[in-house]
Amino acid sequence: MQRIAVVPGSFDPVTLGHLDVIERAAGLFDELHVLVVHNPSKVALLPISERVSLLEESIRDAGIGGNVVVASWSVGLLVDYATDVGASVLVKGIRSQVDVAYETPMAIVNRHLAGVETVFMLPDPAHAHVSSSLVRQVSSLGGDVTPYVPAPVARFLQRS
Ligand code: PNS
């Protein structure tokens with residue numbers, strides 16, 4: 001039986017912390033779907049298609065395994081996508097207790113909705129302070145985001 005998982009997120013933009021979790025998860029599952037999901041509670045910086053392109057380029061640059069698929073999802077429940085692709089697991093990176101508090105109700109609801117389990121993974125502590133919102137803020141104020149994001153994202157943000 002194929003072990004298929006989904007790593008969902010806004011990825012606006014993908015950070016080194018995300019990439020770390022994607023790499024670890026790619027080693028644990030036969031197939032890993034990195035899914036860009038529109039989060040209506042956040043003000044977006046990048047269009048979904050750009051987030052997908054930057055994820056694809058960053059994953060390729062990092063040499064992460066060929067078992068990773070990047071996709072986007074904007075209609076319906078996240079678990080509908082998971083069910084469609086035969087995934088029984090969602091993977092979420094957890095940096096702190098704040099993330100645990102945010103993710104726990106969603107994990108329970110997703111299990112109730114479709115029997116999809118959520119696996120929490122710890123990124124390298126070197127990335128514990130990194131978030132897309134911090135990157136968006138530093139970038140918009142003209143700061144250097146290269147310590148926080150993959151090179152393709154840093155190049156893109158410098159051009160924008
Ligand atoms: O990177 P983010 O913004 O923290 O990602 C949050 C995201 C997109 C994973 C979350 O908002 C989500 O799971 N959205 C899917 C909508 C859904 O299915 N909701 C019902 C069950 S929680």
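In this predicted model, five strands form an open sheet with parallel pairing, and their order is S3-S2-S1-S4-S5. The edges of the sheet are strand S3 (68-73) and strand S5 (117-121), each of which pairs on one side only. From one strand to the next, the twist averages 30 degrees. Within the sheet, strand S1 (residues 4-9) and strand S4 (residues 89-93) run parallel and are joined by two bridges. Val6 has Leu90 in S4 as its bridge partner.

Helix H4 lies across S4 and S5, and runs at about 160 degrees to S5.

Helix H4, which spans residues 97-114, also takes part in a feature of the surface. Leu113 has its place in this helix, and together with Leu77 and Val109 it makes a nonpolar surface patch of about 250 Å². How accessible is Leu113? Its relative accessibility is 47%, and because this value falls between the limits of 20% and 50%, Leu113 counts as partly exposed.

A contrasting picture is given by helix H6 (residues 151-159), in which Pro152, Val153, Ala154, Phe156 and Leu157 are buried. Among the elements that cover the buried residues of H6 are helix H2 (48-61) and helix H5 (132-140).

The charged side chains may be considered next. Side chains of opposite charge can pair when their charged atoms come close. In the whole structure, a search finds eight salt bridges. One of the pairs is formed by Asp12 and Arg136, whose closest N and O atoms are 3.8 Å apart. This pair links distant parts of the chain: Asp12 belongs to the loop between S1 and H1, whereas Arg136 belongs to helix H5, and the two are 124 residues apart. Both Asp12 and Arg136 are buried. These two residues are also linked with Arg51 in a network of salt bridges.

Another salt bridge joins Arg24 to Asp20, with the closest N and O atoms 3.1 Å apart. Here both partners lie in helix H1, four residues apart, which is about one turn of the helix. Are Arg24 and Asp20 buried or partly exposed? Arg24 has a relative accessible area of 36% and is therefore partly exposed, while Asp20, at 12% relative accessibility, counts as buried, because the limit for burial is under 20%.

Glu103 and Lys92 are both buried.

Note on methods. Residues numbered from 1 in each chain as written. Predicted model: local features only at pLDDT ≥ 70, side-chain atom pairs only at ≥ 80, totals over all residues. Heavy atoms only, no water. Patch = residues over 30% accessible without salt bridge, like charges linked within 9 Å, V, L, I, M, F, W, Y side chains within 5 Å. Areas by Shrake-Rupley, 256 points an atom, 1.4 Å probe, with all protein chains shown as cover. Salt bridge = Lys/Arg side-chain N within 4 Å of Asp/Glu carboxyl O. Buried < 20%, exposed > 50% of the residue type's maximum accessible area, 1.4 Å probe, protein only. Pairing = 2+ DSSP bridges. Axes fitted to C-alpha atoms, helices over the stretch in contact; angles between N-to-C directions. Contact = heavy atoms within 4.5 Å.
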